[in-house]
Amino acid sequence: MPAPIRYVQDSTDFPDAADVVIIGAGIAGSAATWELTKRGLKVVLVEKGLVAGEQSSRNWGWCRQQNRDERELPLIIHALQRWSELQEETGEELGFRRTGLVYATRDESEIAAWDNWGKMAKAYGVRSNILTAEQAKAMTPGSTTAWRGGVSSPTDGHAEPSLASAGLVIAAQRRGARVFQQCAVRGLDIAAGRVSGVWTERGLIKTSRVICAAGAWTSMFCRRHGIDLPLGNVIGTAFRTRPIEQAIGMPLSTPGFACRPQLDGSYTVAVSGRGRMEPGAQGLRYARQFYPTFKRRRKNLKLNLGLKPFFNGPEALARWEFDRESPFERNRILDPAADLTLVQQGLNAMRQEYPALANVQLAQAWGGMIDSTPDAIPVISTVPQLPGLVLSAGYSAHGFGIGPGAGRLAADLASDVTPIVDPTPYRYSRLVDGSDLNAPGMM
């Protein structure tokens, strides 16, 4: 079942040219659309399904610096600054609140890891407070567990996935951006070795700059043009409760569940770190690159093997022509099934931990396909072999909060502006040139 989203009205008069075309209207593509439109560029955002129809509406909604890989810290610091500014800047409700967030645990090794992370992050100006047992209890009033400790990040917060991408797109439309949903981009037009346009199901849009922010579909799209992009897809599960008198006032992570309070009194809930893999041809193609990460996280992943992913969806091997139906039109919105076992585990853990929530009820559950890189760091990068193309993908289950920063960086790269942060950690070439990829850090 799809997660809730705000509907966006399409623009009129399909264009024949643009300064920049953006493929994919998730949070990264929507934020890039806003940033480029603000600069006065003629921007066209094209989406095969609906704005935020896939993972950008199906995530937890956390906007956090806490426990980020060090390579992402400069970008998330900028992203949080933008979250604080965007609501007023756009005039749209994005749901962002800087409430802080808390992790609570009974595991001493987790506390030690958070302490080490905090020492590293301090150099970046990030506030991270280790909590004693008493402090962890005080910050989780009503909980039943005798925590050993925890960590608090008071300058972090959360936004609303059902509102954020749509709000940015609607604001960009008011400034002149053109937006077309139910319109798949089938491929790139290439002339003299560089991008010269995009072929959509409605025709050609001429452009010299393209940002591909197509989520789980990005690797398939790139492969059609001979660009090797190692991405692996994991299906996560989250759910929303019915509104209830809230007992948890800020995003909270515990061993049994993680949750975010919503504006209407409900919660978004998940079981942290759990997911399933349903690999197809793409999964097998990149199995060697992903094996070290898979080995470390195997106990938290279900592996479902079957033939369907080999023939349908972003894991399939597919060939298509630009004047005929593509795989993107046959899969307007990826809607993988929720893992109902995880949903029940999360509900049970929440009710047990908070007696005040004993009567909390499930409203809706959904699955989401998460595009990941072998080192769990996104690709936000030009592609040396194809000038004019910028990739923005591989956010590895922590892309929503970083979205405004990612959109700004992609916009900078697509318009030859000095990047807001050093783009080196996010370069495409690291995945294919034999670089020694560092293991994923804190996530």
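This is a predicted model: local features need pLDDT of at least 70, side-chain atom pairs count only at pLDDT 80 or more; totals for chains, interfaces and linings use all residues.
## Sheets, a helix crossing and a pocket

In strand E10, Val195 is the bridge partner of Ile190.

The Ile190–Val195 bridge belongs to the pairing of E9 with strand E10 (residues 194-200), which runs in the antiparallel sense over 6 bridges. E10 also pairs with E11, again in the antiparallel sense, over 4 bridges. Here Trp199 stands opposite Leu204 in E11. E10 and E11 make a hairpin, with 2 residues between them.

Put together, these strands give an open sheet of 3 strands in the order E9-E10-E11, with antiparallel pairing. Strand E9 (185-191) and strand E11 (203-206) are the edge strands, and each pairs on one side only. From one strand to the next, the twist averages 30°.

### A sheet of six strands

Another open sheet is built from 6 strands, in the order E8-E2-E1-E12-E21-E20, and its pairing is mixed. Which strands stand at its edges? They are strand E8 (178-180) and strand E20 (379-382); each has a single partner strand, so one side of each is left without a neighbour in the sheet. The twist in this sheet averages 15° from one strand to the next.

At the E8 end, strand E2 (residues 43-46) and E8 pair in the parallel sense over 3 bridges. Within that pair, Val44 stands opposite Arg178 in E8.

Here are the strand pairs described so far, side by side.

| Strand pair | Sense | Bridges | Residues opposite each other |
| E10 and E11 | antiparallel | 4 bridges | Trp199 and Leu204 |
| E2 and E8 | parallel | 3 bridges | Val44 and Arg178 |

Now for the helices. The axes of helix H2 (residues 73-90) and helix H12 (residues 403-414) come within 6 Å and cross at roughly 105°. H2 and H12 are therefore roughly perpendicular to each other. On the H2 side, the contact is made by Leu75, His78, Ala79, Arg82, Trp83 and Leu86; H12 brings Pro404, Gly405, Ala406, Arg408 and Leu409. By class, the residues of this contact divide into 7 nonpolar, 2 polar and 2 charged.

### The second largest pocket

The last stop is a pocket. The second largest pocket has a volume of about 360 Å³. Its lining consists of 18 residues, and Glu278, Lys308, Asn312, Leu334 and Met369 lie nearest the centre. Which elements each supply at least two residues of this lining? Strand E13 (232-241) and helix H9 (308-311) do. Sorted by class, the lining of the second largest pocket has 8 nonpolar, 5 polar and 5 charged residues.

Key. Residues are numbered from 1 along each chain as its sequence is written. Side-chain values use heavy atoms; hydrogens and water are left out. Two strands pair if DSSP finds at least two bridges between them. Axes are lines fitted to C-alpha atoms, for helices over the stretch in contact, and angles run from 0 to 180 degrees between N-to-C directions. On a 1 Å grid over the protein atoms alone, a cavity is a set of points where a 1.4 Å probe fits but cannot get out, and a pocket is an open set with protein on both sides within 12 Å along at least five of seven lines; lining residues have an atom within 4 Å of a point. Grid points are joined across faces, edges and corners, and a volume is the space filled by probe spheres set on the points. Ala, Val, Leu, Ile, Met, Phe, Trp, Tyr, Cys and Pro count as nonpolar, Asp, Glu, Lys and Arg as charged, and the others, Gly among them, as polar. Angles under 35 degrees count as roughly parallel, over 145 as roughly antiparallel, 65 to 115 as roughly perpendicular and the rest as oblique. Contact means heavy atoms within 4.5 Å.
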